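Thank you all for coming, and please have the sequence and the model open while I talk.

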Amino acid sequence: MDKKTRSLWALLLTLLVMLYPACGVWAAKQPDAKLKMDADRTKVYVGETLQLHITCDDPEVSLDGLLFTSGNKKCAEVSETGVLTALKQGRVKVTAHTADKKRSATMTLQVEVMPETLTITAKKTSVITGKKIKAAATVLPKAAKDRAVTWQSSDEAIATVSTRGEIYGISPGKAFITASCTHFPAVLASVEIEVIRLATQLALSAEGSSVIVGETIPLFCQFEPEDVSGWEVTYKSNHPKIATVDENGIVTGVKAGKATIRATAKDGSKKSDKIVVQVIQPLHGVHITKDEVNISVGASKSFTAELEPKNATNKNMTWASDDPSVATVEGTTNKFKVRVHSWGEAVITGTTQEGGYTASLYVQGGLEREAVKIFRCFTDSRGRLRMALRNESNMEIGAVNIALKGMDGNGEPVVMSDASAPLPQWEDGGIEPCDSPKGRYAFSKDPLICDSIIYEDLRPGAEVESGWGLLVRPTSFDGLETIYVAITGYICLDGYRCDISQNQWKWIEAQ
């Protein structure tokens, strides 16, 4: 080969060397046909199926006879037609090969557990207006990762609910609160919530403030505001032995007296009110245990008329005397007071305000033991005992019995006489006639001289001064300083005799 030929081949070789890299770059830039795997989503739930799709950018490449394989057959299986079946939670890589295995495509999918059930729990199924309660939603099974929940109220004019399950009471009523899985709305649960408006005030009233024993009256409750949710109350009597009350507010009278009935709202507001009920025992009659009484002139005495029954409620009575000059009466109930002004007789009558029942008391004005009064007693300069008597009664008195006793300076008795003499005797109870006041006395060894008599004709209201003469046949008057006189009885002109008990004698000191 000549030199020129060798030079041409060398030049050609150099050009080939220089052009070879460029030819390689061109060849690399020519894209090969590629497979691509797609699906509607990359997340699939256990039990679901998902169709996988294979495409190729070279239409000349045949997609017949594709081969699919699962990289985690416990998690998911793939059919020969590219249908993936989710078996267990996890991640799975799926590969697809062409029939000649020259081309392939892969795709990674997430297999998750689908929510199956949802339950709502709340501490209360009611909420007060203006208040809130918390509800919680539980999604099962626990393996489900997509547990997002959406809350909704069936009536937001009654209750609203936040995204966190906080239920707010708006107005009285009932509303359903529903929680559903956000991405699985068919998985849901609902709870009925009652919105309650509490009472701000409770007023208790009755048909009248009294009830008769054995009868009933109803009670009424008024709430504020008017749209409170609950009108139920509990009733209680503080004296069930006087009045009882049932769950409907019916009060029954048991016996006379007063009982307080309290009503308390059951809505939780603790509002209450009370009312006093008077139980009335009707009156059936009245009587006074005594038929007649004797009362001193100028004195008064209190009495009680017995009501029938004794515990009758209305004790009001009016009282009157048929002779106020003898006795007057005062009182507005079954208790009354009689005051005697003079000797005589009067009938006191009381009339009940309820039923007009009456009861009477016969009053004898003036006590028999006070018919005659010694209003002055003294011894004159000659040692004669003198006294002045007054007939305080309305009787005609013919003789007065007198008792005497003497005392020394030490208050010891002094024997007044030791002789005895019979008292004058009268026929048919008559009184020995006399022209002037005079007296006789029986003698005794005791210091006390009894049954002495002053003869006198004492008409009602009459006064007389009697001179009784000297004490006769004394045995000893040594130390005698004081003489006392007492009336022991009297005899009327009509023969009536009054003997006064010794413990009721009133001793008068002779001055």
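What you see is a predicted model, in which local features need pLDDT of at least 70 and side-chain atom pairs count only at pLDDT 80 or more, while totals for chains, interfaces and linings use all residues. Residues are numbered from 1 along each chain as its sequence is written, and side-chain values use heavy atoms, with hydrogens and water left out.

The term pLDDT stands for the predictor's confidence in each residue, from 0 to 100. For this protein the mean pLDDT is 84, and 82% of the residues reach 70 or more. Confidence is highest in strand β30 (residues 317-321), at 98, and lowest in strand β39 (residues 438-440), at a mean of 38; a strand here is a DSSP run of E of at least two residues, and strands are numbered from the N terminus. Where pLDDT is low, the predicted coordinates should not be read in detail.

Now to the cores. A nonpolar core is a set of buried Ala, Val, Leu, Ile, Met, Phe, Trp, Tyr and Cys residues joined through side-chain atoms within 4.5 Å, where buried means under 20% relative accessible area, exposed means over 50%, and partly exposed lies in between, with a 1.4 Å probe and protein chains only. The largest nonpolar core has 26 residues, and among those with the most contacts inside it are Val-372, Met-387 and Tyr-490. Two or more residues each come from β35, β36, β37 and β42, and β42 gives the largest share, six residues. Another core, of 23 residues, lies apart from it and includes Leu-52 and Leu-84.

Next, how many salt bridges does a search of the whole structure find? The search finds 11, a salt bridge being a side-chain nitrogen of Lys or Arg within 4 Å of a carboxyl oxygen of Asp or Glu. One of them joins Glu-396 and Arg-459, whose closest N and O atoms are 2.6 Å apart. Because Glu-396 lies in the loop between β36 and β37 and Arg-459 in the loop between β40 and β41, the pair ties together parts that are 63 residues apart in sequence. Glu-396 is partly exposed at 38% relative accessible area, and Arg-459 is partly exposed at 36%. Salt bridges that share partners also join Lys-132, Arg-164 and Glu-166 into one network.

That brings me to Glu-166, which is placed in strand β15. Is Glu-166 buried or exposed? Glu-166 counts as buried, because its relative accessibility is 12%. Its side chain makes a polar contact of 3.4 Å with that of Arg-164 and another of 3.2 Å with that of Tyr-168; a polar contact is a pair of N or O atoms within 3.5 Å, and within protein one must be able to donate a hydrogen and the other to accept it, with residues adjacent in sequence counting only if both atoms are side-chain atoms.

Finally, Ile-217 lies in strand β20 and is buried, with a relative accessible area of 8%. The C-alpha atoms of Ile-217 and Gly-253 are separated by 8.7 Å, although these residues are 36 residues apart along the chain.

Methods. Helix = DSSP H or I, 4+ residues; strand = E, 2+ residues; numbered from the N terminus.
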